[in-house]
Structures are given as structure tokens and as C-alpha cells.
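Hi,

Here is the structure I said I would pass on. Have a look at it first, and then read on for my notes.

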Amino acid sequence: MSAQRRNPPVWVMVLTNTPFGMVGSFAVITLPQILAAQGVPGGHIAAITAVIISPTFWAFIFSPMLDVRFRRRTYALLFGLLTAVTAAYTVYNPSNLLLVEVVMISGQLFSAFYQGAVGGWMGSLISKDQDSLLGTWFTVANVGGGGLMIVVGGPIFLHSPRLFAAVFMFVVLMLPVLLFLFIPAPEPDKLLASESFSRFWREVASLLKRREVLVGLALFMMPSASFALTNVLGGIGGNFNASPNTVSFFAGAGSVIAGVGGSFLVPLLAKKIPLRPLYLAIGFVGAMFTLASLLLPRSPWTFGLVFTGETIFQSLAFTAANGITFEIIGPDNPLAATIFTLLIAASNLPITYMGIVDGWGYDRGGLAGSFFVDAGFSMAACVLLAIILRKWLFASHPVPATEIDTL
């Protein structure tokens with residue numbers, strides 16, 4: 001029996017990615033609510049959130065270890081456990097801001113390693129024609145897990161005894177790990193870790209000679225479709241007169257419906273528009289939505305509309321980016337986890353720095369300031385990239401890894 005036949009359905013495989021979405025949603029929605037209740041200013045919360053999620057960008061520096069010595073399943077289990085421990089501790093003791101930042105930065109780092117191990121593991125098991133499907137379901141698992149954490153966990157974290165809430169966080173994050181028992185785990189590369197790191201940088205150098213990779217990195221690293229406002233809105237719901245329960249409802253149930261719906265739109269749109277120009281189109285139209293939302297009254301339903309809309313556009317962008325990433329990885333790649341972590345890190349970079357920029361805009365212009373800054377940077381990046389990359393946005397399907405092409 002082939003390895004492909006032993007694989008469970010793709011949607012089952014990617015449920016292992018739900019802990020990453022759960023921890024992320026806690027960091028950008030529920031934790032800001034907890035900090036806001038403690039009287040921390042909105043701009044400061046945005047900066048703290050940006051720092052906490054920063055490992056999703058720079059974690060790739062250490063990612064070569066995910067491809068050697070042990071199975072990727074072993075790494076996923078280890079870092080999944082460490083993620084659960086750090087998140088549970090933060091829930092138990094959220095009053096010390098410095099400690100919260102240190103512990104949650106560690107948690108996000110472990111979470112990034114977990115996603116890298118899982119992404120490389122699942123990406124190496126599928127065939128080339130399943131790239132788009134895996135990219136779609138990967139986003140669904142991320143958004144769905146995050147929404148579930150907010151809907152179910154939000155009220156618990158905000159209103160239950162700390163010890164109970166911490167235990168709940170740990171158990172929920174570890175449940176998806178049980179799926180590891182049903183997914184084949186290929187043997188790891190037997191090379192020493194030092195050789196893996198040198199191979200990693202050689203692979204990166206090789207990737208940077210490929211036209212489609214350079215185009216993808218440009219799209220991902222610029223703030224063309226980051227929609228970092230989704231990481232800011234949880235801490236400034238009061239600007240819309242939205243209660244914590246209202247914020248949790250729209251950020252939870254609303255984000256699941258919007259995120260899943262947005263994810264499944266990408267395969268349909270991709271039949272008409274190549275993924276690269278589609279990614280820019282998502283960013284530009286989404287930025288227009290952000291600006292238009294400033295014309296609406298500051299009310300709870302406006303918060304729901306804005307958060308739902310931003311989530312739809314961010315899910316569209318994530319799904320398109322995932323599809324491009326899995327195209328680049330290809331099947332049976334010995335450095336799949338490393339390359340996956342690197343490319344996903346590139347897409348997370350603008351989310352990190354735009355969170356800081358949005359917080360800066362909020363401190364100087366309130367809600368309008370953060371919205372204008374976020375949308376303005378996104379629209380400018382989309383226009384600039386469309387001009388610079390116009391010759392390659394509509395190019396044919398990326399060339400195989402063996403064919404080197406440069407800009």
C-alpha cells in the first residue's frame with residue numbers, strides 16, 4: 001500500500017494546525033481584552049500584541065532543526081506541549097505585563113515551531129495536485145481553531161477562576177495532538193543538525209534564484225495584504241461601545257464563519273485569476289473596505305461588521321499565501337518544514353510590524369489614525385508591487401525547482 005493511501009483525508013490532517021490558531025487568537029483577542037480590563041492603553045496593547053506575535057516571523061532562523069534528528073511528529077509533540085504550558089501559565093498569571101510578554105513570546109515561538117513541524121510534515125505527504133486543497137484547509141483549521149478558542153474559551157478566561165481557566169487552556173491545546181496517531185510520520189533526515197543549518201542556507205540561496213520565489217517573497221513581506229487590524233481591534237472594542245462579550249462573539253463565531261467562508265472563496269477565485277494578482281487584489285479591495293468603515297457610526301454592530309470584514313479579507317490573503325507556499329515546497333521535499341517556516345515567516349512579517357504601526361497611528365489619531373495608517377500602507381504597497389512586478393504577476397505556473405530563473 002502506498003504512503004498516499006495510508007494518509008487520512010486532508011481535512012483531518014490539517015486539524016493538527018488548530019493549536020496555532022487557538023494560541024494566536026488568544027494573543028490578539030482575549031489577552032488584549034484582559035489587558036484592557038486592567039487599564040492598559042489601546043496603543044500600548046497594540047505594541048504588546050505585535051511583540052508577542054513577532055516570533056511568527058523570526059522563528060524561521062531556528063527552523064532547520066525541524067528536519068533532522070527526530071521525526072517531525074516528535075517535534076510537533078514537543079513544541080505543542082510547550083505551547084500549551086506557556087499559554088496556560090499566561091492565563092493563570094496575566095497581571096505582570098513584563099512576564100506576560102516574556103512568557104507569551106516564548107509561547108508564540110513554540111507555536112511557530114509547532115506549525116512549522118506540522119506544515120512540513122503534512123506538506124511532504126501530499127501530492128502536487130493537493131497544494132491548493134491543503135492551503136485552503138490549513139487556513140480553515142487556523143481560523144476555525146482561533147474562533148473556537150474565542151467563543152468557548154473567551155468567557156472562561158475572562159470570568160472563571162484562574163486555575164480552572166489555565167487547565168482548560170492546556171487541555172484544549174493538547175487535544176488535536178491525538179490526531180498524530182493516525183497520520184504517517186516519515187523518517188527524519190539523518191544528517192547532523194549543523195549540516196542541516198548549512199543545507200538550509202544553501203536552500204535559501206537556491207530559492208532566491210527562482211523567479212516565483214522572489215515574487216512570492218515580495219508579495220508576502222510588503223504590507224499589501226496583512227490586515228493587521230484584526231490583531232488590534234480586540235483591544236479597542238470600547239471605541240465602538242462594544243462590550244467584552246460582544247467583542248468575543250464577533251471575534252469568535254463571526255471569525256469562524258467569515259474565515260472559513262473566505263478560505264473557500266479562494267479556490268473559486270483562483271480559477272479565474274492567478275494567485276499572485278489575486279493576492280494583491282485582495283489587499284487593495286480590503287484596504288478600501290477599511291477606509292469605508294470609518295464612515296459608519298461607532299456602534300457595536302459596526303464593530304461586528306468591521307471585524308467580520310477584516311477577517312474575511314485576511315482569510316482570503318492567508319489562503320492565497322498558503323497555496324503559493326505549498327506550490328513552492330512541492331512533494332517529498334527533505335527540507336519541507338524549513339522552507340514552510342521560512343515562507344510563512346515572510347507572510348507574518350508585515351503582520352508584526354504593521355501591528356506596531358497601527359498602534360502608533362492609534363496613539364496619534366485614535367481609531368481613524370490606525371485605520372488610515374493600515375489601509376494607506378496596504379494600498380500603497382499593492383500599487384507599488386503591481387507596477388514593479390507587472391511582468392510576472394500573470395506569468396504561467398511556477399517553473400519546477402530544477403529550472404533556475406532569476407529576475
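**Two helices side by side**

Let's start with helix 3 (residues 18-37) and helix 9 (residues 162-174), whose axes come within 10 Å and cross at roughly 155 degrees. Angles over 145 degrees count as roughly antiparallel, so that is the label for helix 3 relative to helix 9. On the helix 3 side, P19, M22, V23, F26 and I34 make the contact, and on the helix 9 side R162, M169, V172 and L173 do. Sorted by class, this contact has eight nonpolar residues, one charged residue and no polar ones. Do keep in mind that this is a predicted model.

**The overall picture**

The protein has 15 helices and zero strands. It runs to 407 residues, and 58% of them count as buried. If you take contacts between residues at least 6 apart in sequence, 85% join residues at least 24 apart. The accessible surface comes to about 15900 Å², and 71% of that belongs to carbon and sulfur atoms.

Helix 4 (residues 42-52) is worth a look here. Eight of its eleven residues are buried, so helix 4 is largely enclosed by the rest of the structure. The buried ones are G42, G43, I45, A46, I48, T49, A50 and I52.

**Aromatic pairs**

There are eleven aromatic pairs in the structure. In one of them, Y75 and F79, the ring centres are 6.5 Å apart and the planes are at 10 degrees, so the pair is stacked. These two residues are four apart in helix 6 (residues 72-92), which means that about one helical turn separates Y75 from F79. Both Y75 and F79 are buried.

Another pair is Y114 with F180: the centres are 6.4 Å apart and the planes at 25 degrees, so this one is stacked too. Y114 lies in helix 7 (residues 97-125), while F180 is in the loop between helix 9 and helix 10 (193-207), so the pair ties together parts that are 66 residues apart in sequence. Y114 is buried, with a relative accessible area of 1%, and F180 is buried as well, at 4%.

If you colour the rings, look for a cluster too: ring pairs link Y75, F79, F110 and F113.

**Residues in the loops**

Is N17 buried or exposed? This residue is in the loop between helix 2 (10-13) and helix 3, and its relative accessibility is 0%, so N17 counts as buried. Leaving out residues up to four places away in sequence, N17 touches Q115, V118, F138, A141 and N142.

P8 is in the loop between helix 1 (3-6) and helix 2. Its relative accessible area is 17%, so P8 is buried. Which residues does P8 contact, apart from its neighbours within four places in sequence? They are M13, F182, I183 and P184. Of these, I183 is 175 residues from P8 in sequence, yet their C-alpha atoms are 6.6 Å apart in space.

Next come two residues with backbone angles to check. Most residues other than glycine have a negative phi. F227, however, has a positive phi, near 50 degrees, and is not a glycine. N241 is not a glycine either, and its phi is positive at about 60 degrees. F227 is in the loop between helix 11 (211-221) and helix 12 (244-270), and N241 is also placed in the loop between helix 11 and helix 12. What sets them apart is accessibility: F227 counts as buried, at 3%, whereas N241 is exposed, with a relative accessible area of 59%.

**One more pair along the chain**

Finally, find F326 in helix 14 (residues 300-329). F326 has 2% relative accessibility and therefore counts as buried. How many residues along the chain separate F326 from G120? They are 206 residues apart, and 9.5 Å separates their C-alpha atoms.

That's it from my side. Happy browsing!

Technical notes. Residues numbered from 1 in each chain as written. Predicted model: local features only at pLDDT ≥ 70, side-chain atom pairs only at ≥ 80, totals over all residues. Heavy atoms only, no water. Axes fitted to C-alpha atoms, helices over the stretch in contact; angles between N-to-C directions. Parallel < 35°, antiparallel > 145°, perpendicular 65-115°, else oblique. Contact = heavy atoms within 4.5 Å. Nonpolar A, V, L, I, M, F, W, Y, C, P; charged D, E, K, R; others polar. Buried < 20%, exposed > 50% of the residue type's maximum accessible area, 1.4 Å probe, protein only. Phe/Tyr/Trp six-rings, centres within 6.5 Å; stacked < 30°, edge-to-face > 60°. Areas by Shrake-Rupley, 256 points an atom, 1.4 Å probe, with all protein chains shown as cover.
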